[in-house]
Amino acid sequence: MTLMPTGRPRLAGKVAVITGAGSSGPGLGTGKAASILFAREGAQVLLVDRNAQAAAETEAVIREEGGTASVLAADVTLASDCAAIADAAIARYGGLHILFNNVGITGPGGPTDVEESVWDNVLDVNLKSMMLTTKYAVPKMIDAGGGSIINMSSIAGVRAGSGAASLPYSASKAGVIGMSETMAVHLGRDNVRVNVIAPGHIYTPMVGGTMEPQTRERRRKAGPLGVEGNAWDIAYAALFLASDESRWVSGIVLPVDAGLLAATPLAMYTRIREGE
Ligand SMILES: NC(=O)c1ccc[n+]([C@@H]2O[C@H](COP(=O)([O-])OP(=O)(O)OC[C@H]3O[C@@H](n4cnc5c(N)ncnc54)[C@H](O)[C@@H]3O)[C@@H](O)[C@H]2O)c1
């Protein structure tokens, strides 16, 4: 049994790819927070985003702090771009150990009004993209002796959400869970771990831009902890799953949600109504 060396950055010697490493607005998205955190912990980080300017803002923060990162503009729905991501990790940093599939979008539509084009787009961006990035990253990880893949789902992939229905979002995030479990089983003998994070109602630019203050407050109160979550809460969970500290963890769905999935609606009803 080798003991983990102490005092060493938790991702020293690792090369990480993070998709959606920019942010969809001012402030901190989860890809941006994870990129900054992974770099602080010694990883060399390839910052993938279709919005190169947003990813460049993340790169500037990391460089300012003395970390190592660079931007790759790519659309993760395209197979050719996903192949280029894996190749760039090898060309720039000589290996690939961590893939954080963080990109995700939402789109409207309930059972009777969902539009086919919205369905196809959300499923492509949220689910197909993870199949594609993984397909090209795994051979590089195997070359490196193993790796860790972290796929971003949501509590919406486990339970129906509040607010307006998004059938494509829920279906894509549930799909992430099923796909990741299968990947974990079939990549285990290659020492490639695959895990899922299911965030609760976190406050990030993706939702913050359009949200009424009372909705924000209701989201906070819906969690048993009663504390608003943010991108750092997710980034720290991803850091654990990326690091060798989780070397015996694969195929799990980790809710990071202030306890929300543990509660029945009635358990939280009065707390939400009465402002506790
Ligand atoms: N915010 C929440 O409450 C919440 C809750 C649960 C899960 N999530 C999930 O967390 C993840 C990130 O959320 P966020 O709020 O930080 O998002 P964000 O919108 O701030 O960041 C997403 C980034 O992905 C990039 N992107 C979008 N489509 C892309 C594509 N095709 N190719 C490459 N890059 C692309 C965007 O340019 C953006 O920079 C998503 O998967 C989301 O579904 C968010």
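**Parallel sheet and its helices**

In β6, valine 196 is the bridge partner of asparagine 151. Strands β5 (residues 147-152) and β6 (residues 192-199) pair in the parallel sense over 6 bridges; pairing requires at least two DSSP bridges between two strands. Helix α4 (residues 116-143) packs on the sheet and touches β1, β4, β5 and β6, its direction making about 175° with that of β4. Contact means C-beta atoms, placed from the backbone, within 7 Å. Angles run from 0 to 180 degrees between N-to-C directions, with axes fitted to C-alpha atoms, for helices over the stretch in contact.

The model is predicted: local features need pLDDT of at least 70, side-chain atom pairs count only at pLDDT 80 or more, and totals for chains, interfaces and linings use all residues. Residues are numbered from 1 along each chain as its sequence is written. Helices (H or I, at least four residues) and strands (E, at least two) are DSSP runs, numbered from the N terminus.

The open sheet has 7 strands in the order β3-β2-β1-β4-β5-β6-β9, with parallel pairing. Its edge strands are β3 and β9 (253-256), each pairing on one side only. The twist averages 20° from one strand to the next.

Strand β2 (residues 44-49) is largely enclosed by the rest of the structure, because 6 of its 6 residues are buried (20 or more other C-beta atoms within 10 Å of the residue's own, C-beta atoms being placed from the backbone). Gln44, Leu46 and Val48 cover one side; Val45, Leu47 and Asp49 lie on the other. β2 pairs in parallel with β1 (residues 15-19) through 5 bridges. Threonine 19 stands opposite valine 48.

Key: Buried ≥ 20, exposed ≤ 12 C-beta atoms within 10 Å, placed from the backbone. Contact = placed C-beta atoms within 7 Å.
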